[in-house]
Amino acid sequence: MLSLIIPGLLAIAGCHAAETPNKEKEKYRVFDETTAQHVKDFYRANHAYQTLEFVLEKEKEYLPLRHKKMGIWEAFSIFDTLVDESDPDLDLPQSYHLFQTAESLRKDGHPRWLILTGFLHDLGKMLAFFGEPQWAVVGDTFPVGCAYSDKIVFPQYFDRNPDLQVPLYQTKTGIYAEGCGFDKIHMSWGHDEYLYHVVKDYLPPEAAYIIRYHSFYPAHLDGAYTYLMNDYDKQMLPYLELFRGYDLYSKTEEKLDLEALMPYYQDLVSEFFPSEIDW
Ligand SMILES: [Fe+2]
Ligand SMILES: [Fe+2]
């Protein structure tokens with residue numbers, strides 16, 4: 001595998017061709033002994049280091065949004081150099097994934113706000129360029145401060161997480177109350193929660209919700225953590241399920257003419273966003 005080093009910032013796994021164009025659905029998100037070693041290594045680190053204490057620290061560091069002022073397009077251009085090590089299904093630059101997701105939503109006639117959600121949803125991976133290791137940026141997310149669900153990928157890797165030794169954090173609801181709502185929960189730190197705070201004031205609440213929980217696969221794919229949901233989460237769940245199909249199954253080798261698509265997306269971004277926002 002090639003490796004690309006961005007000086008002083010981040011070592012990123014390089015591109016190698018995705019296996020087959022338009023592969024069958026059951027071949028996506030395979031997490032077992034056949035999963036690529038770098039994906040397993042990623043989850044080993046992610047599950048060992050994502051503690052409640054770590055998450056609280058990162059929320060304090062990032063959520064005041066004091067890191068940078070920039071427009072969506074500047075963020076987008078940085079994306080071209082990032083490949084997600086946690087993803088067994090995509091080895092293309094992330095910006096291409098954003099176009100693919102948005103275009104598949106557009107093809108199916110979804111509203112402009114949802115197409116825009118597809119176009120932006122992973123921009124929180126900007127965290128990698130602020131110096132965060134990949135295990136604190138990408139991958140599936142899960143609540144911290146309560147028991148781990150066995151629906152989380154590679155749950156056996158939590159054996160090295162110090163929170164496993166804190167009895168309160170290992171009860172079903174942990175530090176939370178039953179039915180409190182995802183909004184009250186600290187999720188493992190990553191691009192979802194970060195981008196939610198960056199864009200929430202500019203987008204409809206459904207879009208912000210999708211961005212915040214799109215990597216929470218244990219909940220929206222496998223039905224875990226229903227006891228932490230409130231009525232609003234139950235109402236929003238179908239949006240996560242709908243979006244998941246586009247996020248996941250648009251990862252094909254089908255070629256897009258990005259230049260021809262640009263005017264549409266420039267127009268879409270400026271409909272919702274000012275030229276600069278806080279990151
Ligand atoms: Fe994502
Ligand atoms: Fe994505």
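The questions and answers below go from the overall fold to the helices, and then to single residues in loops.

User: How many helices and strands does the protein have, and in which pattern do they follow one another along the sequence?

Analyst: This is a predicted model, and what follows is computed from its atoms. The secondary structure comes to 10 helices and 4 strands. Read along the sequence, these elements follow the pattern β-β-α-α-β-α-α-α-α-α-α-α-α-β.

User: What share of the residues counts as buried, and what share of the contacts between residues at least 6 apart in sequence joins residues at least 24 apart?

Analyst: The protein has 279 residues, and 40% of these count as buried. Among contacts between residues at least 6 apart in sequence, the share that joins residues at least 24 apart is 76%.

User: Which residues have the most contacts inside the largest nonpolar core, and which residues does Phe 119 contact beyond its neighbours within four places in sequence?

Analyst: The largest nonpolar core has 61 residues, and those with the most contacts inside it are Phe 119, Leu 120, Leu 195 and Ile 211. Once the neighbours of Phe 119 within four places in sequence are left aside, its contacts are Leu 98, Ala 102, Tyr 265 and Leu 268.

User: How many residues of H5 are buried, and which helices do they pack against?

Analyst: H5 is mostly covered, with 7 of its 9 residues buried. These are Leu 114, Ile 115, Leu 116, Thr 117, Gly 118, Phe 119 and Leu 120. The helices that the buried residues of H5 pack against are H3 (72–79), H4, H6, H7 (205–213), H9 (231–249) and H10.

User: Are H4 and H5 roughly parallel or roughly antiparallel to each other?

Analyst: Helix H4 (residues 94–107) and helix H5 (residues 112–120) pack with their axes 7 Å apart and at an angle of about 160°, and H4 passes H5 in a right-handed crossing. At this contact, Leu 98, Thr 101, Ala 102, Leu 105 and Arg 106 in H4 meet Leu 114, Ile 115, Gly 118 and Phe 119 in H5. Angles over 145 degrees count as roughly antiparallel, and H4 and H5 are therefore roughly antiparallel.

User: How are H5 and H10 placed relative to each other, roughly parallel or roughly perpendicular?

Analyst: H5 and helix H10 (residues 258–272) pack at an angle of about 105°, with 10 Å between their axes. In this pair, Arg 112, Ile 115, Leu 116 and Phe 119 in H5 meet Tyr 265, Leu 268 and Phe 272 in H10. Angles from 65 to 115 degrees count as roughly perpendicular, and H5 and H10 are therefore roughly perpendicular.

User: Why do the buried residues of H2 lie on the same side of the helix, and which helix do they pack against?

Analyst: The buried residues of helix H2 (residues 52–62) are Leu 52, Val 55, Lys 58 and Tyr 62. They are on the same side of H2 because they cover an arc of only 125° around the axis. On the other side of H2, Glu 53, Glu 57 and Lys 60 are exposed, whereas the buried residues of H2 pack against helix H6 (191–199).

User: Is Thr 141 buried or exposed?

Analyst: Thr 141 has its place in the loop between H5 and H6, where it touches Met 187, Ser 188, Gly 190, Asp 192, Ser 215 and Phe 216, not counting residues up to four places away in sequence. Thr 141 and His 47 are 94 residues apart along the chain, and their C-alpha atoms are separated by 9.9 Å. A residue counts as buried if 20 or more other C-beta atoms lie within 10 Å of its own; Thr 141 has 24, so this residue is buried.

User: Is Glu 24 buried or exposed?

Analyst: Glu 24 is found in the loop between strand S2 (10–13) and helix H1 (37–49). Glu 24 is 225 residues from Tyr 249 in sequence, and the two are 8.9 Å apart in space, C-alpha to C-alpha. The cut-off for an exposed residue is 12 or fewer other C-beta atoms within 10 Å; Glu 24 has 8, so this residue is exposed.

User: What is the phi of Leu 65, and what is the phi of Phe 154?

Analyst: Most residues other than glycine have a negative phi. Leu 65 is in the loop between H2 and strand S3 (69–70) and counts as partly exposed, with 13 C-beta neighbours inside 10 Å, while Phe 154 is in the loop between H5 and H6 and counts as partly exposed with 17. Each has a positive phi: that of Leu 65 is near 55°, and that of Phe 154 is near 45°.

Conventions
Residues are numbered from 1 along each chain as its sequence is written. Chains are lettered from A and ligands numbered from 1 in the order in which they are written. This is a predicted model: local features need pLDDT of at least 70, side-chain atom pairs count only at pLDDT 80 or more; totals for chains, interfaces and linings use all residues. A nonpolar core is a set of buried Ala, Val, Leu, Ile, Met, Phe, Trp, Tyr and Cys residues joined through C-beta atoms within 7 Å. Two residues are in contact if their C-beta atoms, placed from the backbone, lie within 7 Å. Helices (H or I, at least four residues) and strands (E, at least two) are DSSP runs, numbered from the N terminus. The arc is that of the directions from the helix axis to the C-beta atoms. Axes are lines fitted to C-alpha atoms, for helices over the stretch in contact, and angles run from 0 to 180 degrees between N-to-C directions. Angles under 35 degrees count as roughly parallel, over 145 as roughly antiparallel, 65 to 115 as roughly perpendicular and the rest as oblique. A crossing is left-handed if the near helix is turned anticlockwise from the far one by less than a right angle, and right-handed if clockwise.
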